Amino acid sequence: MVLLSLDIGGTKIGWAIVTGKTGNLAICSRGEIPTQAFDGGARVAQRICQLASDLVARVDIDGVAVASAGVVDPNTGAIVSATGTMPGWGGTALGDLLREATHKPVWAINDVHAHGLGEALLGAGRDFRSVLACAVGTGIGGAHIVNGQIVFGDHNLAGHFGHIHHYYAAGQPCSCGREGHIEAICSGSGITSWFNSRAKGETVRNGRELQDLAEQGHELATTTFAQSAYALGEVLGSLANAIDPSVVVLSGSMTRSGQTWWEEVRRGYRANAMDFVAGLELRNGELGSDAPLYGAALYYYSRENN
């Protein structure tokens, strides 16, 4: 089977032609276009459908697999809701629009659900029955994968780990419109805003600049960086207490923040995790940006084969 796999995020729309069977997938070509999210949901959907239509005209594919930002109905592919990072994306009938544009079967899930499924079956979690996956990048999301199946929840909301409260985040605005969630202090955009709100006139533009400051010995940058990682670890420990996974897999841009970040995440995790799960391995993801492309394809196969 040959699939067009799409990864729709707030910054870019990645695509890949995925071939092979469930246990032996390969990407034979790939590319990306800018999302231009602030053009609005309708314009973004139009851009995606045009991309898919152009690719289907060039490549003989069997179907379209989609990993998308937002809360996605896994049965229809509709975007149920989305945060402010994708204005107007909520309410988009993405699955129906892509079926009309490509005349192919379409299956869509949330991008971090797809990311987690890819890592669970083909990446760092492939040897484990129950995988707690967490992607820490511009935002924070996650998934719980059990026996190769995504736990969606009754409202397809499961995995929104970035929207768990933490006392360090009190008063910090989150992308969902609430305050006090870890995404507001632990994501790449969140830790940047958190530092800038604490600094007196001194600002950084992104997490990389903050990391550079911390490595240069800047006291507030060092403290912010350490507290952010520790808070993430505490939340992961609480999640492990609640769902009892076999392994925890972390991925996303913040996982490339160096040894101190990982040490603080693990320290926070051990501080909060109960004895039965305190010794679980916190693994770095292996698939990088390919994880959601593979995960979307894996979900497509599971639906078409049932």
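## Val249 in strand E11

Val249 is buried, because its relative accessible area is 1% (buried means under 20% relative accessible area, exposed over 50% and partly exposed in between, with a 1.4 Å probe and protein chains only). This residue belongs to strand E11, residues 247–251; helices (H or I, at least four residues) and strands (E, at least two) are DSSP runs, numbered from the N terminus.

The model is predicted, so local features need pLDDT of at least 70 and side-chain atom pairs count only at pLDDT 80 or more, while totals for chains, interfaces and linings use all residues. Residues are numbered from 1 along each chain as its sequence is written, and side-chain values use heavy atoms, with hydrogens and water left out.

When neighbours within four places in sequence are set aside, the contacts of Val249 include Glu119, Ala124, Val131, Cys134 and Arg283 (contact means heavy atoms within 4.5 Å). Tyr299 lies 50 residues from Val249 along the chain, and their C-alpha atoms are separated by 19 Å.

## Ser228 in helix H7

Ser228 is part of helix H7, residues 219–243. With a relative accessibility of 0%, Ser228 counts as buried. Apart from neighbours within four places in sequence, Ser228 is in contact with Ile185, Cys186, Ile191 and Trp194.

## The two domains

The protein is divided into domain 1, made of 2–115 and 289–305, and domain 2, made of 126–285; the bounds come from an automatic or database domain assignment. Between the C-alpha centres of domain 1 and domain 2 the distance is 26 Å. Domain 1 gives 12 residues to the contact and domain 2 gives 17 residues.

## The interface between the domains

Domain 1 and domain 2 bury about 1,100 Å² between them, and carbon and sulfur atoms give 68% of this area. Buried area is the accessible area (1.4 Å probe) that two parts lose on being put together, summed over both. Of the area that domain 1 buries against domain 2, Val71, Val112 and His113 supply 50%, more than any other three residues.

Across this interface the rule finds 0 salt bridges, a salt bridge being a side-chain nitrogen of Lys or Arg within 4 Å of a carboxyl oxygen of Asp or Glu. On the side of domain 1 that touches domain 2, strand E5 (71–72) and helix H3 (111–122) each supply at least two residues. H3 gives the largest share of that side, 3 residues.
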